[in-house]
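Q: I have a model open and want to learn how to read its features. Where do we start?

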Amino acid sequence: MTTKQTKRPFDRIPFMARMVGAVRLHSPTYHEVKNDRTATRQAIVVVVIAALATGFGIEPGNDIAIWNAVNWIMWWGIWVFLIYVIGPNVLKSPNKQIDWGELARTTGFAQSPLVFMSSIGYVGNFGPNVYLPIFILIALLWFAAMVIAIKVTIGYKTLLGPIIVASTFLINAAIIQLIYA
């Protein structure tokens with residue numbers, strides 16, 4: 001008896017298949033990268049690509065774009081470290097042994113939807129009626145990916161815990177708005 005394997009997009013290119021799976025909010029993809037210790041570099045590459053796409057998509061052609069990309073990468077690293085350190089106690093995580101690599105891999109691949117932010121620079125010329133809905137859709141997709149990544153990694157049974165943890169990632173955006181307001 002043979003089991004039928006389901007094909008997924010870009011199956012012959014595992015890195016792309018994982019990015020597509022992350023964008024599709026495919027929970028088994030998050031489990032796959034969580035358990036694959038060799039995927040840490042890939043996750044970091046996804047963060048860099050997403051940061052560049054976000055920086056240049058929102059602020060095309062400005063020096064601010066590079067600063068935004070560097071800021072995103074640094075904040076992601078700091079955030080993963082903070083969740084790793086405070087997660088088991090402060091966040092009431094069911095998984096008392098949070099592994100930094102697992103958290104980095106899953107949340108790294110959860111940045112995949114942000115690659116679409118590069119398209120924002122092209123639709124921005126059409127005005128806010130086109131720009132804003134696309135921006136919101138990508139942001140919501142990114143947030144949902146982060147929630148799934150955290151749920152898979154930390155082991156929450158409900159969505160409330162992962163939503164709260166994912167929301168802490170937005171602290172950086174709030175600080176930046178206060179600085180530049």
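A: With a definition: a helix here is a DSSP run of H or I of at least four residues, numbered from the N terminus. Keep in mind that this is a predicted model.

Q: What comes just after H1?
A: Leu25, which takes a positive phi of about 60°.

Q: Which residues of H1 are buried?
A: They are Ala17, Arg18, Met19, Val20, Gly21, Ala22 and Val23.

Q: How many aromatic pairs does the structure hold?
A: A pair of aromatic rings is described by the distance of the centres and the angle of the planes. The structure holds 7 aromatic pairs. Take Trp72 and Trp142: the ring centres are 5.8 Å apart and the planes stand at 65°, so this pair is edge-to-face. The pair links distant parts of the chain. Trp72 sits in helix H4 (residues 63-90) and Trp142 in helix H7 (residues 128-154), 70 residues apart.

Q: Is Trp72 buried or exposed? And Trp142, buried or exposed?
A: Trp72 counts as buried, because its relative accessibility is 19% and the limit is under 20%. Trp142 is buried too, with a relative accessible area of 5%.

Q: Which residues do ring pairs link into a cluster?
A: The cluster contains Trp72, Trp75, Trp79, Trp142, Phe143 and Phe169.

Q: Where in the structure does Leu137 lie, and is it buried or exposed?
A: Leu137 lies in helix H7. With a relative accessible area of 60%, Leu137 is exposed; the cut-off is over 50%.

Q: How do I read the crossing of H2 and H5?
A: Two packed helices are described by the angle between their axes and the distance between the axes. Helix H2 covers residues 27-35 and helix H5 residues 100-109. Their axes come within 8 Å and cross at roughly 140°. Angles over 145 degrees count as roughly antiparallel; H2 and H5 are therefore oblique to each other. The crossing of H2 past H5 is right-handed.

Q: Which residues meet in this contact?
A: H2 brings Tyr30, Val33 and Lys34; H5 brings Glu102, Arg105, Thr106 and Phe109. The residues of this contact divide into 3 nonpolar, 1 polar and 3 charged.

Key:
Residues are numbered from 1 along each chain as its sequence is written. This is a predicted model: local features need pLDDT of at least 70, side-chain atom pairs count only at pLDDT 80 or more; totals for chains, interfaces and linings use all residues. Side-chain values use heavy atoms; hydrogens and water are left out. Buried means under 20% relative accessible area, exposed over 50%, partly exposed in between (1.4 Å probe, protein chains only). Helices (H or I, at least four residues) and strands (E, at least two) are DSSP runs, numbered from the N terminus. Rings of Phe, Tyr and Trp (its six-membered ring) pair if their centres lie within 6.5 Å; planes under 30 degrees apart count as stacked, over 60 as edge-to-face and the rest as tilted. Axes are lines fitted to C-alpha atoms, for helices over the stretch in contact, and angles run from 0 to 180 degrees between N-to-C directions. Angles under 35 degrees count as roughly parallel, over 145 as roughly antiparallel, 65 to 115 as roughly perpendicular and the rest as oblique. A crossing is left-handed if the near helix is turned anticlockwise from the far one by less than a right angle, and right-handed if clockwise. Contact means heavy atoms within 4.5 Å. Ala, Val, Leu, Ile, Met, Phe, Trp, Tyr, Cys and Pro count as nonpolar, Asp, Glu, Lys and Arg as charged, and the others, Gly among them, as polar.
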